[in-house]
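User: I'd like a close look at one part of this model. Please take me through how the pieces of a single chain sit together.

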Amino acid sequence: MESGIFHTTYRADMALRQTPAEKVRVVLAVLLVLCFPFFADRFYLTLANQIGIAVIGAIGLNLLVGYTGQISLGQGGFMAVGAYTAGLLTAQLGVPWYGSIPLACLATAVVGGFFGIPSLRLKGLYLVIATLAAQEIILWIVTHWDAVTGGVDALVVPDPTLFGIQMNTDFRFYWVIWGLAGLTILVTVNLFRTHIGRAWIAIRDQDIAAEVMGIGLFRYKLLAFATSSFFVGLAGALIAHYRNIVTWERFTVDVSVTYLAMIIIGGLGSVAGAIFGAVFITLLPVFLNDAGQALRGVIPNIDTILPFAEQAAFGIVIILFLVLEPRGLRRIWDRIKDYFRLWPFSY
Amino acid sequence: MISIRIKVTAPFCIFVFFSAVLLAMSGCRKGDSGSADGAIKIGALFDLTGPTSDVGAPYAAGLRDFVDWRNAKGGINGRKLALLSGDYGYKVDRAEQLYTQHIQQGVIAFQGWGTGDTEALRAKIRADKIPFMSASYSTNLLDMKEAPYNFLVGTSYSDQAIIAIRWAIDHWKASGKEGTPKVALLHHDSPFGQSPIADAKAFAGANGVAFTSLPMPRGATELVAELGRVKQFGGNYVLIQNVSSPVAVLLKDARRQGLHQSMTFICLNWCAGELLLELAGDATEGLFGAMPFTPPSVPVPGHQELAKWLEKQGSTLTEKGVHYVQGWWTQAVMVAGIERAVESGKTLSGESVRQALETMNNFDTQGVTTPITFSPTSHRGNDSMRLFQVKGGKWQQISDYIKAEP
């Protein structure tokens, strides 16, 4: 029975994974991601791909909201910047799709940094409104800048190909999405072991104290906006090439709200929480729908109430989660682990 | 310590949730496929809870009831039809999920709904070779290279606008006025709303009609400014490409300012319905409607089976309205295509249904629309329709069929 985790070397103290169990879990997780597409049908591949994109987007948002404490409702707009930049670069300028993705990320980072400027003066609810304005401004530009974006019409992006193979089938793009999702997880997990990540957390916890300690608020807040937008732009760019059509209707303000819901339910200020939330919010309506379909034979006339019952159930589940565990799914997961680690002699 | 552990758990979270997915997969999924003698499966996306649910719900009921009605009559050659449907709440992501789910379950044809999801699914539809009809009548979907599996049952938005302008020119002359009228198109600020602008503008220009178009801001609670701009332009006829609620606001504002005296309002498909009459009440009196589908207030033979079916369910066609008729007959056209594919003796698949639909020549909808014709080079079902007017709180027919291109 272990009584704690003890390190005898600095190297062990700095390790990302500290116990054998953690290492085993990582191996299992990687194996699962590698094996999954060979067993899944197209529907589950579509879900996995949507989850992968949501994971990247949610981690990006969590960098800003969960770690740095700057609440943002501009997520949908920033995703639109990523998607349209990637789409336009490929469709209009003939940049290969794999080249357009990093460029789209950088463009979104610049736009995100720009819209992050008000954060120096604004906090809390005021910042929410400022970022909501960013969302509306970006969508307005996207739908009205006819010469570049094609206005409200859908932007058709050529099929991404690699060595002559069409990449955007559910199976092939799975590797692109989850490869980049893996990279995103790796980068962000490590980011919070650096001085930048710690500076962000300091700003979140108490910005005045952080400034007194010598952290340049303006610089680090903008950096947080830009880094967050970089990943959000990545999610947008992946949508553009995966679906090879970009419509503004995919990036409306309810997308911003949905992503906020993901990180709040998953757990603010945690990479794992963002992943939990992305998976949960994507799968919940699917499960509710399936459950409803299964009940079809049991309850008469369920067809007429089913969609509304699903909506209500979605809301209730979210409220229950927040009431029972405000710190999100990540905290529930920690408690489950603690329970088994200390079982049967918990204190 | 805790914070370190959190970081480490990240990959394992994926594991847990994917296991859940895998478990669910083995538990919930049955071995579905489009088996030879089983039911013929048609997929459908409904908006029952989203922003367009007011018209989406009756349309969905029409799609569903036609299948039930057809099954009650014995299906196709003894094979039943099955409609696999889901509510997607006008969210593109959900539409993609439901689409692949139903494709996986072996559907051979698909009924969609909005412009956003139909556009987003266009490439997939092409790759899967699934005939797809939706309630979006955008001319983008007539591009045979980009959208070779999309079929338009309703008159396209462009044709609706052109027919309305054509009618306006005649109406202007008939009321003894000089020259040509000025036409304004007020539209929803979306691909759906903008769809008819280019063609309407070109047609107006070719006929010497002054034309302008204005977006109606989403969620506006008053549209006085937009009406002011139409007034400044000197618009005599105002075409409206929008859904019921904003149009109700527009019509009430127009009435309040007395603009209904000088301007003639013409609703295109998605606001010309019974719902608008409910929402805007008296303000709709005298309103014109360019309606591709005949509303229940003008009885035609094509309404009888629907009415009988609804009576059995304890409802009436008047209660369900024109969008129910629209859903029912859209499904009727799709099922007629499937029937032809079955009769042709080819293996039943999306491809054979498409080929069967392309042989459809003057398919009779019994007065609900002009006959529907598809060919391998064009999926534009028809190009003509009638105009209706609200008289005594009911839509009444006021014109004969007008063609977009004479």
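How far apart do the C-alpha centres of domain 1 of chain A and domain 2 of chain A lie?

Analyst: The C-alpha centres of these two domains of chain A lie 26 Å apart. This is a predicted model, where local features need pLDDT of at least 70 and side-chain atom pairs count only at pLDDT 80 or more, while totals for chains, interfaces and linings use all residues. Residues are numbered from 1 along each chain as its sequence is written, and chains are lettered from A and ligands numbered from 1 in the order in which they are written.

Start with the division. Domain 1 of chain A runs over 1-39, and domain 2 of chain A over 40-342. Those bounds come from an automatic or database domain assignment. Across the boundary, 5 residues of domain 1 of chain A are in contact with 7 residues of domain 2 of chain A (contact: C-beta atoms, placed from the backbone, within 7 Å). The domain 1 side of chain A has 5 nonpolar, no polar and no charged residues. Here Ala, Val, Leu, Ile, Met, Phe, Trp, Tyr, Cys and Pro count as nonpolar, Asp, Glu, Lys and Arg as charged, and the others, Gly among them, as polar.

Helices (H or I, at least four residues) and strands (E, at least two) are DSSP runs, numbered from the N terminus.

In α15(A), A:Gly328, A:Leu329, A:Arg330 and A:Trp333 are buried. Buried means 20 or more other C-beta atoms within 10 Å of a residue's own, exposed 12 or fewer, and partly exposed in between, with C-beta atoms placed from the backbone.

A:Asn244 counts as buried because it has 24 C-beta neighbours inside 10 Å. Its phi is positive, about 35°, although A:Asn244 is not a glycine. Most residues other than glycine have a negative phi.

Technical notes
Two residues are in contact if their C-beta atoms, placed from the backbone, lie within 7 Å.
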